[in-house]
Structure formats: structure tokens, C-alpha cells
Amino acid sequence: MGTVITVTSGKGGTGKTSITGAVAASLSLMDRTVLCIDMDIGLRNLDISLGLNDRALMDFSDVALGRCPLARAVVPHPTLKGLSLLTSPMSLPASLTPEKIRALLDTARGMYDYILIDSPAGLGAGFRLAICGADRAVVVATNDASSLRDAQRTVSELDHMRQVHLVMNRIQTKLLRRLRATIDDAMDAAGLPLIGVVPEDPYVILCANLGQPLTDRGKRGAALACWNIARRLEGQRVPIMRIR
């Protein structure tokens, strides 16, 4: 049975979607079958991060509400074998319930090794749907105070999860000396074990604009950091990247 992992954050702008896409692509390169579900209702961008811009015709609400089978609704990636996308509707149907989302995820568990959910920022109805059937969660934060506070608030809503980890994203080398204790402080504040540190990397935006998964850049910078996160999800022991 596959594992459902929700990638979330307390606020927008943390790079949550880029992390979701890059980790999913990395897992597919490890010969795992991966389904990405974009649950950022109304603000979906995961298709861009995966290089699947506007290819999806059906969305997860069509599957959850019985209008379309999962196998027909997903969009397979043209070059990354085993990687597929199930996109989000532009608005939340009133008839979409947590029970229907859980049923969708149970079906997906039987078809994929990993199901990665890109959660909307904040703690609203979309967030609650994104976490209702997940086995694990990854909370993405940056090193600014508001992001860390919001991450801490998000963690308090995830106490039903068996595993919750923290990713510190967009770490800037030039500020690291001034913020030397920030990552340790973030772990203490959020009360989470660290699963990855991702450096600020201009290639994240470049790859998204070119419609290329971040893994196409090779194993360095943010691409390497996300590759290592994928390895840790697989249970491998990998040192946390040192950013200098």
C-alpha cells in the first residue's frame, strides 16, 4: 500500500509547491510510482512545477465525487516514468467531504507507492481536506519569523499524524552567518525533526518557467536538497546539506 504525504505550510510563499514537485520527481527517478495531487484549490500551480502546464482535463473533485475514475483523471508525466498529476478544481464543491477524499486516497494507495498532496496555505477548508487522509506531513518554512510562527500553528493541527517533519527552504548563504541559530530555533519552535534544508536557488524559478522539473538541473543546489529529502522519505540515512 502506498503512503500519503501532505506537504503544507502555515503561510504562502514558502516554496511548498516547488518542494512537492521536486521531491515527487526525485522519487520517480528512484523507480517509485508517485501521484501528485494539487489541493491548492483556486491557486493551483503544481502542474507548472512538474512541466505539465494545463494538460489536465479532470480534477480530484471529479474522482472523489464519482464523475471519473482515478486512472482516467491523472496525467502521466511524458519523461518521468511513474510520475502522475491529479489537479485541483478552481472552486471547492459543497458536496466534497473528507470521507470522499479518504476514499479517493485509499484507491490511490493501491496504485502508487507515494501520494504527495500539495496543500493550500493557511488552515481553512482546503487545508483540512488535504490532511484528512494523510499518513505523514512535511511542513515547509522559511527562516523569517512570521513563517516560523505560522509553521508552529500548522503543527498544532497535525497531532493525528504518525510522522511530521520540517523542511527549511530558501536558506540564503549571505544571511546564514547572521541567522546561524535560525534552523535550530525553527526545529525547537515547531517541535519537529528536520528532514531537509533547501538553499535559495534561482534555478527553481527558471525550471518552472521552462516547464522542466527541478531534477533536470542535476544533483546540486535545491535539486540535490530535494533528492536527499526523497531519500530520507525512503528511510535512507543522508546527512543534512551544509549551506555555506
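Which residue in β7 does alanine 137 stand opposite? Alanine 137 faces valine 164 of that strand. The model is predicted: local features need pLDDT of at least 70, side-chain atom pairs count only at pLDDT 80 or more, and totals for chains, interfaces and linings use all residues. Residues are numbered from 1 along each chain as its sequence is written, and side-chain values use heavy atoms, with hydrogens and water left out.

Strand β6 spans residues 136-141. Helices (H or I, at least four residues) and strands (E, at least two) are DSSP runs, numbered from the N terminus. Six bridges join β6 to β7 (residues 163-171), and the two run parallel. Strand β1 (residues 3-8) is also parallel to β6, with four bridges between them. Two strands pair if DSSP finds at least two bridges between them. Threonine 6 has alanine 137 as its bridge partner in β6.

Strand β6 is mostly covered, with six of its six residues buried. Buried means under 20% relative accessible area, exposed over 50%, and partly exposed in between (1.4 Å probe, protein chains only). In a regular strand, side chains alternate between the two faces of the sheet. Arg136, Val138 and Val140 point one way from β6. Ala137, Val139 and Ala141 point the other way.

Serine 147 belongs to helix α7 (residues 145-155). Serine 147 is buried, because its relative accessible area is 1%. Beyond its neighbours within four places in sequence, serine 147 is in contact (heavy atoms within 4.5 Å) with Lys11, Thr14, Ala141 and Thr142.

The largest pocket holds about 380 Å³ of space. On a 1 Å grid over the protein atoms alone, a pocket is an open set of points where a 1.4 Å probe fits, with protein on both sides within 12 Å along at least five of seven lines; lining residues have an atom within 4 Å of a point. Grid points are joined across faces, edges and corners, and the volume is the space filled by probe spheres set on them. The lining has 24 residues, with Gly15, Lys16, Thr17, Ser18 and Asn45 nearest the pocket centre. Helices α1 (16-29), α2 (46-49) and α10 (202-210) each supply at least two lining residues. The most come from α10, with four.

Cysteine 68 is buried, with a relative accessible area of 4%. Cysteine 132 is also buried, at 17%. The structure holds zero disulfides, a disulfide being a pair of cysteine sulfur atoms within 2.5 Å.
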